[in-house]
Amino acid sequence: MNSISLKNIRYKYPLTDHYALDGVSFDFEEGKFYGIIGPNGSGKSTICNLMKGLIPSFYLGDLEGTVEVQGKPVDEWEPEKLCTKVGYIFQNPFTQISGIRDTVFEEIAIGLENLGIDKEQMIQKAEEITKRIGIYDLIEKNPNELSGGQRQRVAFASILAMDTDIYVIDEPTSQLDPDGTESVFKIIRSLKEQKKTVILVEHKIELMAKYADEIIVLKDGKIIKSGPAREVLSDYDLVNKKVAVPQTVLFGHEMERAGKSLGKLPITIDEAEVCVRERMRGEQL
Ligand SMILES: Nc1ncnc2c1ncn2[C@@H]1O[C@H](COP(=O)(O)OP(=O)(O)O)[C@@H](O)[C@H]1O
Ligand SMILES: [Mg+2]
């Protein structure tokens with residue numbers, strides 16, 4: 001069964017005259033890690049809002065087509081039930097924090113409370129997750145007094161605590177430094193190892209190349225390319241379409257232009273290193 005299916009989606013936000021999504025169909029398979037990339041305004045967050053059932057119920061506007069979560073149209077899910085299937089991390093950590101809880105612990109526990117989990121288990125879970133995310137020392141702090149990066153981690157922790165099958169994550173590292181970013185990617189990878197479906201919107205393309213199974217490229221509300229990460233990201237044509245590709249792809253392309261082809265366009269530093277070594281070995285022969 002697919003985790004999420006988008007079928008012929010066309011959508012306009014209220015009071016706008018252009019389609020934020022314009023003919024989008026895609027099946028997200030269970031247990032895969034999908035990266036969604038594309039320029040600003042291409043519709044990435046709109047796709048996330050759809051998957052969480054916030055379109056059209058919250059954002060209103062004109063929606064055509066259907067979104068199915070685990071085979072059932074999203075509008076047929078009860079919101080409380082959908083929350084136990086799809087965990088959603090918003091683009092802006094300041095909107096994710098409820099603002100009504102006094103401590104990070106309570107913030108993380110909100111969702112668990114709704115699941116009817118008993119207090120002992122709730123404490124245990126919150127401790128385990130905050131340790132995993134590296135925010136255990138913040139557990140007694142007031143969420144409203146945290147920095148953007150800390151809030152982003154708290155938002156992440158509260159969603160992880162829910163242990164959903166599907167995670168829809170919109171730019172979770174925008175407020176984090178490189179170490180924090182890499183640690184979030186490692187957590188996301190561990191979700192994949194637990195057979196969760198991960199749908200991640202992220203600008204940090206080198207990390208997408210390293211971790212994602214599949215990449216979807218959005219532009220002007222349309223999917224212009226999708227497929228295995230290596231295949232999509234090594235497509236130099238994306239550069240002409242103003243879509244960011246890994247630096248190593250640009251490097252490989254320059255090498256090719258200089259008549260020193262690496263055999264392929266490497267999408268990660270590790271791949272580039274192998275290509276360069278092989279080329280050097282070839283030159284020595
Ligand atoms: N709440 C909104 N009301 C009206 N238009 C919106 C709203 N949110 C996004 N849009 C428009 O929808 C399009 C897609 O936006 P979005 O999904 O946020 O793109 P991305 O996340 O790729 O930057 C853009 O043209 C944007 O201006
Ligand atoms: Mg966005």
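A backbone N or O atom of S45 lies 2.9 Å from an oxygen atom of ligand 1, a polar contact (a pair of N or O atoms within 3.5 Å). Taken alone, ligand 1 exposes 560 Å², and the protein buries 67% of that (Shrake-Rupley method, 1.4 Å probe). This is a predicted model, in which local features need pLDDT of at least 70 and side-chain atom pairs count only at pLDDT 80 or more, while totals for chains, interfaces and linings use all residues. Residues are numbered from 1 along each chain as its sequence is written, and side-chain values use heavy atoms, with hydrogens and water left out.

**Ligand surroundings**

- The residues around ligand 1 include Y13, T16, H18, G41, K44 and S45, each with a heavy atom within 4 Å of the ligand.
- H18 places a polar side-chain atom 2.9 Å from an oxygen atom of ligand 1.
- For G41, a backbone N or O atom lies 2.7 Å from a ligand 1 oxygen atom.

**Domains and their interface**

- The protein chain comprises domain 1 (2–245) and domain 2 (246–285), with bounds from an automatic or database domain assignment.
- The centres of the two domains, taken over C-alpha atoms, are 34 Å apart.
- About 940 Å² is buried between domain 1 and domain 2, with 68% from carbon and sulfur atoms; this is the accessible area (1.4 Å probe) that two parts lose on being put together, summed over both.
- In domain 1, R230, Y236 and V245 lose the most area to domain 2, together 56% of what that side buries.
- Between the domains there is 1 salt bridge (a side-chain nitrogen of Lys or Arg within 4 Å of a carboxyl oxygen of Asp or Glu).
- The side chains of R230 and E271 form a salt bridge at 2.6 Å, N to O.

Definitions and conventions: Chains lettered and ligands numbered in written order. Polar contact = N/O pair within 3.5 Å; in protein donor to acceptor, adjacent residues only side chain to side chain.
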